Structures are given as structure tokens and as C-alpha cells.
Amino acid sequence: MTMTAAPALGTVHLLPQTRQLRALHTIIRDRHVAREQFVAASGRIIRQLMETALDLLPYEPWDVPTPVGRTYPGLRHASAICGVPVVRAGESMEPELRAIMPGVPIGKILIQRDKVTKLPRLYYSALPADIDRRQVLLMDPMLATGGTALAAIEVLLGRGVEVDDMVFVTLLAAPEGIAAVHARHPGLRIVTSAVEERLNENAYMVPGIGDFGDRYFGTDITR
């Protein structure tokens, strides 16, 4: 069977900007929204992101018999797949990937900004032994400066994963972050639901969403 890849549509894949998507963004960007609404709306967007990312992976022909005795000329994934969230915020994206692909292996990468150097620092990684033979969905809901994404990409490269076999899946992306990632890896595919206006002087995205991980996991509550 001949392997066929998704058509090249550029390296940034923006979800269709429908009214429904805008309504979901209205919920998650509202600073006063209840956490359960934030989680539910985020999940609906993330599901769309995952479906779009999976459509970018290579497929191969796979014919199946139908219940009426005909043959359907179908497709199936041509390579094994792996999800790799950047802990902690990226773990919010796991449930939607698992809902689509219940048995998919999930790796982990923990990267945090060093308080002294202000540079991303790798603290932990756990990845499938055969990750270099898989298509990898690298998941982090926010792409701001691009520093964390670049550090995570380097971890995958160090394990033998080619950039062409990665898709970076993110809820929001800043132009500065996209530019930083593509300056080093111009072929990396990025799937996002929104490209923000810019970063402000504190490197927060504008109009933004706040700290996604804190809001999703409920650790932004002040006493």
C-alpha cells in the first residue's frame, strides 16, 4: 500500500473561525467564568484541535467490507501515534486525545522557567521507548515566547523524533512564539484555535486568557 500524507497547507493550521468557536473563546477568556464552564468550553476547543492535528498525520489506503457486501475504499493511520503533553498545563489536553484514541501512549515532559536565568529548564521526561518511530502530538495550551516549546522540541529531537513527525497542538499562540519556533524549525506544524495580537511587556498574551493551567486545574483561587 502506498502511504499518503495530508496536503501541505502551510505550517500554521488555524481552526476555522466559526461563531461557535468565538462563543467558546468568549467563555474561556471571561475572567469571571466559573471553573466548570472554563473546563467544559476548553475541552470542546481542544477536541477540535486534536481532530485537526490527527488529520495532518500520514494515512494509508485500507479497504473494508460493508454490511451490504460492498467494499469501502477507506484510510487508516500509516504510523503509530504518541501524545506528549508539557506538564502541567498540557495535561489538560490529554482527555480529549484519549477520547478519540483510547489506547494512545502518553509521554510527559516537565519544563519550568529557571528563576535565576529565566530560561526554560528540563526537570523530567518520560517517553515511549519507540517514540522515534511514532508521529508525535506535542501538547501545550499556550505558545507565548516559544521558549518552552523549543525546549520540549529539543527533548524529542534528542530521542530521535524528526520535526516532520511532530505536530505542536496549542490552544492560543502569540505571533512572537510562532516566529521563535519557526526561526529554528520552519517545518514544524502548529495547530491552534487563535493567534493572539501580541505579547505585552510581561510576556503575557493579549487579549489573552490568563494562566491556563491555574484556571483549568483550579489553583488560581486566592484566599
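## Before we start

Residue numbers start from 1 along each chain as its sequence is written. Because the model is predicted, local features need pLDDT of at least 70, side-chain atom pairs count only at pLDDT 80 or more, and totals for chains, interfaces and linings use all residues, while side-chain values use heavy atoms, with hydrogens and water left out.

## Helix α2

Let's begin with helix α2, which covers residues 35-55. (Helices are DSSP runs of H or I with at least four residues, strands are runs of E with at least two, and both are numbered from the N terminus.) This helix has 21 residues and spans 30 Å from its first C-alpha to its last, close to the 30 Å expected at 1.5 Å a residue. That expected span is 1.5 Å times one less than the number of residues.

Which residues of α2 are buried? They are Phe38, Ala41, Ser42, Gly43, Ile45, Ile46, Leu49, Met50, Ala53 and Leu54. Buried means under 20% relative accessible area, exposed means over 50%, and partly exposed is in between, using a 1.4 Å probe and protein chains only.

Take Ser42, which sits in α2. Its relative accessibility is 0%, so Ser42 counts as buried. Not counting residues up to four places away in sequence, Ser42 touches Ile28, Phe212 and Tyr216; contact here means heavy atoms within 4.5 Å. Ser42 and Pro141 are 99 residues apart along the chain, with 9.6 Å between their C-alpha atoms.

## Two nonpolar cores

In soluble globular proteins, nonpolar side chains tend to be buried together. A nonpolar core, in this report, is a set of buried Ala, Val, Leu, Ile, Met, Phe, Trp, Tyr and Cys residues joined through side-chain atoms within 4.5 Å. The largest one has 35 residues, and Ile45, Leu49, Met50, Leu137, Val167, Val169 and Leu171 touch the most other members. At least two residues come from each of α1 (19-29), α2, β7, β9 (166-173), β10 (189-195) and α6. Helix α2 gives the most, with eight residues.

What does Met50 contact, leaving aside its neighbours within four places in sequence? The list is Met93, Glu96, Leu97, Ile100, Leu137, Met139 and Val169.

Next come the aromatic pairs, and the structure holds three of them. Rings of Phe, Tyr and Trp (its six-membered ring) pair if their centres lie within 6.5 Å; planes under 30 degrees apart are stacked, over 60 edge-to-face, and the rest tilted. Phe38 and Phe212 make a tilted pair, 5.3 Å centre to centre with 50° between the planes. Phe38 lies in helix α2 and Phe212 in helix α6 (residues 212-217), so this pair ties together parts that are 174 residues apart in sequence. Phe38 and Phe212 are both buried.

Tyr216 and Phe217 have ring centres 5.0 Å apart and planes at 70°, so they form an edge-to-face pair. Tyr216 is buried at 12% relative accessible area, whereas Phe217 is partly exposed at 29%. Ring pairs link Phe38, Phe212, Tyr216 and Phe217 into a cluster.

Elsewhere, a charge meets a ring: the charged end of Arg76 sits over the ring of Trp62, 3.5 Å from its centre. To count, NZ of Lys or CZ of Arg must be within 6 Å of the ring centre and within 35 degrees of the ring normal.

## Two buried arginines

Arg134 is in strand β7 (residues 134-139) and counts as buried at 14% relative accessibility. Its side chain makes a polar contact of 2.9 Å with the side chain of Asp130, and also reaches the backbone oxygen of Ile81 at 2.9 Å. A polar contact is a pair of N or O atoms within 3.5 Å; within protein, one must be able to donate a hydrogen and the other to accept it, and residues adjacent in sequence count only if both atoms are side-chain atoms.

Arg215 is in helix α6 and is buried too, with a relative accessible area of 12%. Where does the side chain of Arg215 reach? It goes to the backbone oxygen of Ile28, at 2.7 Å.
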